[in-house]
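Try each task before you read its solution.

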Amino acid sequence: MLFDLPDHDTLYRALLARDDRYDGHAFVCVSSTGVFCRLTCPARKPKRENCTFHDTVGACIEAGFRPCKRCHPLQPMASGDPAIAALLAALDERPAFRWSETDVVRMGFDPSTIRRSFKRQFGMTFLEMARQRRLRDGFETMSSGGKVIEAQIDAQFDSASAFSAAFARLLGRAPGRLDRAPLLFADWVSTPLGDMISVTSRTELHLLEFTDRKALKTELGKLDAQCKGRLGIGQTAPGQQIKAELAAFFAGTSAVFATPLAYHGAPFAQLVWDELRRIPPGVTRSYSQIAVQIGRPEATRAVGRANGANQIALVVPCHRVIGAEGALTGYGGGLWRKQKLLEIERQYLPAPQERAQP
């Protein structure tokens, strides 16, 4: 996991030195190229600010990066398991193919065994890997102003209908039906805990969610209705600001989020969200404590509902709310992400001597 790795400076020095002691234990994701590599990769070394580090290739893939074609970071896993090697080779040969478990069976493999093997080696299933590799490229092409056909080609979909269907499953509508002069702009955000979708106007952030959150399609549909169908894809100043702030957060340099926000919820929910933003990084609160803080001690359940309705993840830190007895409770992005976020945020706690000061 990200927080178990040595610090960024140590890993960057190891990258520059091509230190083979980290081979297989740490990987570098390079934002300027969109690829991830072994630290021993012979390619020209990236700038420090373009690097993030992970301890598994699965984390790199979930963050939206593609394996390097020079150092082949997937090869060690493939060489140890013939089934993995065969499926990775098939994926490289047919990146535009819409894989299913039936195809896995047709190749002579047991789907449940393959699921376990890929999950163990990469942190994701084979089918999840195949889908992730295709869609991100097309989304980013459109976000940069490219046409739908260019996005389809970049995503390596042979069929326009297949690309449209995959896109619609994520955003709720096909790319050709997105507004060309939008009021709200969707963009792709890569993070160490998985890809996210942001939705911004030219002045505010309206949504920030992990792409695998079940409620994402519904939330996007509501925003689309509120802007009367004028949802599109593109980059804005708030969108670029939140990307930079998330990068600093995961790099361990800052937990400050200053991107202007646009709330979409009832006044009570907005009151709860404001209170969530007052919880310091590395600190947790219970639902009942939040209720007391906002002057509604009897409204613990309503606080829980408001917490679950938050659609600006991380910035409005609903992951910092736990059960009354300290247990992790439901989190739309998954309890594993909640746990990782809380552990990552421990680095932002003040030193003991600072906390002891009056």
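**Exercise 1.** Among the elements of the chain, which has the lowest mean pLDDT and which the highest?

*Solution.* Start by remembering that this is a predicted model. Helix H16 (residues 352-356) has the lowest mean pLDDT, 49, while helix H12 (residues 267-276) has the highest, 97. Next, look at residues 353-358: pLDDT stays under 50 there, and the model gives this stretch 2 contacts beyond four places in sequence. For the whole chain, the average pLDDT is 84, and 91% of the residues score at least 70.

**Exercise 2.** Work out how the axes of helices H9 and H10 cross, and which residues meet.

*Solution.* First, get the geometry: the axes of H9 (residues 160-171) and H10 (residues 216-226) come within 7 Å and cross at roughly 85°. Angles of 65 to 115 degrees count as roughly perpendicular, so that's how H9 and H10 sit relative to each other. Now for the residues: Ala168, Arg169, Leu170 and Leu171 of H9 meet Leu216, Lys217 and Leu220 of H10. Sorted by class, this contact has 5 nonpolar, 2 charged and no polar residues.

**Exercise 3.** Find the strands at the edges of the open sheet of 4 strands.

*Solution.* Write down the order: E7-E6-E5-E8, with mixed pairing. E7 (205-210) and E8 (231-233) each have a single partner strand, so one side of each lacks a neighbour in the sheet. From one strand to the next, the twist averages 25°. Finally, check E5 (residues 184-189) and E6 (residues 196-200): they run antiparallel, joined by 5 bridges. Phe185 has Thr200 in E6 as its bridge partner.

Technical notes: Residues numbered from 1 in each chain as written. Predicted model: local features only at pLDDT ≥ 70, side-chain atom pairs only at ≥ 80, totals over all residues. Heavy atoms only, no water. Axes fitted to C-alpha atoms, helices over the stretch in contact; angles between N-to-C directions. Helix = DSSP H or I, 4+ residues; strand = E, 2+ residues; numbered from the N terminus. Parallel < 35°, antiparallel > 145°, perpendicular 65-115°, else oblique. Contact = heavy atoms within 4.5 Å. Nonpolar A, V, L, I, M, F, W, Y, C, P; charged D, E, K, R; others polar. pLDDT = per-residue confidence, 0-100. Pairing = 2+ DSSP bridges.
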